[in-house]
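Subject: Structure handover

Hello,

Here is the structure I promised you. My notes on it follow below.

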Amino acid sequence: MKKKSIIVKCPANTRLQNYLLQKEIHILTPCSGRGNCGKCKVRVLEGIAKINTMDRVWFSEKELQEGYRLGCQLYAQEPLTVELYL
C-alpha cells in the first residue's frame with residue numbers, strides 16, 4: 001500500500017515534530033523522536049536543512065542530497081517546505 005504524502009510549510013526556528021503536533025499532524029515516531037527507528041522519513045523540498053548524525057545512519061548520500069531527513073530530528077533554521085509521508 002502506497003503512503004499518502006502532504007506538503008507542509010514549516011516556519012524558521014522551529015522543530016518540525018513540534019510544529020506538526022501543534023497542527024495535529026502526526027508522523028510515525030515509534031522511537032519517540034530519538035531517531036532510532038527511521039520511520040519518520042520526510043523530504044525537504046524548499047530550504048536547507050542540516051544533515052545530522054542519525055540522518056546519515058538512515059539515508060544514503062544520494063537520498064540526503066535529494067532532501068530526505070528524519071522528521072523527528074529536523075530543526076528548521078529557515079522556513080522549509082517539507083513533504084511528509086503519512
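A term first: two strands pair if DSSP finds at least two bridges between them. By that rule S3 and S4 pair, because 3 bridges join them, and they run antiparallel. Please keep in mind that this is a predicted model.

**Overall make-up**

The protein has 3 helices and 6 strands. Along the sequence they follow the pattern β-β-α-β-α-α-β-β-β. The C-alpha trace spans about 30 × 30 × 25 Å along its principal axes. For 86 residues, a compact globule would have a radius of gyration near 12 Å. The protein has 12 Å, so the two agree. Buried residues make up 38% of the 86 residues. Take the contacts with a separation of 6 or more: 69% of them come from residues 24 or more positions apart.

**The sheet**

There is an open sheet of 4 strands, in the order S1-S6-S3-S4, with antiparallel pairing. S1 (5-10) and S4 stand at its edges. Each has a single partner strand, so one side of each is left without a neighbour in the sheet. From one strand to the next, the twist averages 35 degrees. What holds such strands together? Strands of a sheet pair through backbone hydrogen bonds.

S3 (residues 41-46) also pairs with S6 (residues 80-85), in the antiparallel sense, over 4 bridges. In S4, the bridge partner of Val42 is Arg69. Further along, Val44 has Val82 as its bridge partner in S6.

**Rings**

The structure holds 1 aromatic pair. A charge also sits over a ring: Lys41 lies over the face of Tyr68, at 4.6 Å from the ring centre.

**Gln73**

Where does Gln73 lie? It is in the loop between strand S4 (68-70) and strand S5 (75-76). Is Gln73 buried, exposed or partly exposed? Gln73 is partly exposed, because its relative accessible area is 27%, and buried would need under 20%, exposed over 50%.

Which residues does Gln73 touch, leaving out those up to four places away in sequence? They are Gly33, Arg34, Gly35, Asn52 and Met54. Gln22 is 51 residues from Gln73 along the chain, and their C-alpha atoms are separated by 16 Å.

Best wishes

Conventions
Residues are numbered from 1 along each chain as its sequence is written. This is a predicted model: local features need pLDDT of at least 70, side-chain atom pairs count only at pLDDT 80 or more; totals for chains, interfaces and linings use all residues. Side-chain values use heavy atoms; hydrogens and water are left out. Helices (H or I, at least four residues) and strands (E, at least two) are DSSP runs, numbered from the N terminus. Buried means under 20% relative accessible area, exposed over 50%, partly exposed in between (1.4 Å probe, protein chains only). Contact means heavy atoms within 4.5 Å. Axes are lines fitted to C-alpha atoms, for helices over the stretch in contact, and angles run from 0 to 180 degrees between N-to-C directions. Rings of Phe, Tyr and Trp (its six-membered ring) pair if their centres lie within 6.5 Å; planes under 30 degrees apart count as stacked, over 60 as edge-to-face and the rest as tilted. A charge sits over a ring if NZ of Lys or CZ of Arg is within 6 Å of the ring centre and within 35 degrees of the ring normal. The radius of gyration is taken over C-alpha atoms; the globule rule is 2.2 Å times the number of residues to the power 0.38.
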